[in-house]
Amino acid sequence: MATKKVAKKAAPKKAAPKKAAAKKAAPKKAAKKAAPKKAAKKKSARKPSAAFMKPLTPSADLAAIVGSKGLPRTEVVKKLWVYIKANKLQDAKNRRNINADAKLKPIFGGKAQVSMFDMAKLLSKHLK
């Protein structure tokens, strides 16, 4: 009976390398499939929406930070982040929160602290 137990233990050990070999073969197949997908993406170049890049005029309060020239929403957010980082207005403990200074308070609706996710919502009121 002891030999049977040894034989049973030996069988699973042999099976394990076969499984590993099967796993190694699977990624190779996936890599071959990924290559045609990349070629398909190159054929259809993605163009940004014209409405997304439309210049918007900032309000007087917002113009004090980003400038009075019309800018796309994406550029306004980038310039706002440059201002926030330059003046170290991100909360030290919770980096998702932005502490408003004198220029940002009117944009943030008078709030002293705003979440970065709420910032986009509050910013839309100052863009036309």
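Which residues does Asn97 touch, not counting residues up to four places away in sequence?

1. The model discussed here is predicted. In this model, Asn97 touches Leu89, Gln90, Asp91, Gln113, Val114 and Ser115, with residues up to four places away in sequence not counted.

2. Asn97 belongs to strand 1. The relative accessible area of Asn97 is 17%. Because buried means under 20% relative accessible area, Asn97 is classed as buried.

3. Ile98 may be considered next. When its neighbours within four places in sequence are left aside, Ile98 is in contact with Trp81, Ile84, Leu89, Leu104, Phe108, Ala112, Gln113, Val114, Met116 and Met119.

4. The largest nonpolar core has 21 residues. Within this core, the residues with the most contacts are Ile84, Ile98, Leu104 and Phe108. At least two residues of the core are supplied by each of helix 2, helix 3 and helix 4. Helix 3 provides the largest share, namely five residues.

5. Helix 4 spans residues 116-124, and its buried residues are Met119, Leu122 and Leu123. Seen down the axis of the helix, these buried residues fall within an arc of 100°, so they line one face of helix 4. The face turned away from this buried side carries the exposed residues Phe117 and Lys121.

Methods:
Residues are numbered from 1 along each chain as its sequence is written. This is a predicted model: local features need pLDDT of at least 70, side-chain atom pairs count only at pLDDT 80 or more; totals for chains, interfaces and linings use all residues. Side-chain values use heavy atoms; hydrogens and water are left out. Buried means under 20% relative accessible area, exposed over 50%, partly exposed in between (1.4 Å probe, protein chains only). Helices (H or I, at least four residues) and strands (E, at least two) are DSSP runs, numbered from the N terminus. The arc is that of the directions from the helix axis to the C-beta atoms. Contact means heavy atoms within 4.5 Å. A nonpolar core is a set of buried Ala, Val, Leu, Ile, Met, Phe, Trp, Tyr and Cys residues joined through side-chain atoms within 4.5 Å.
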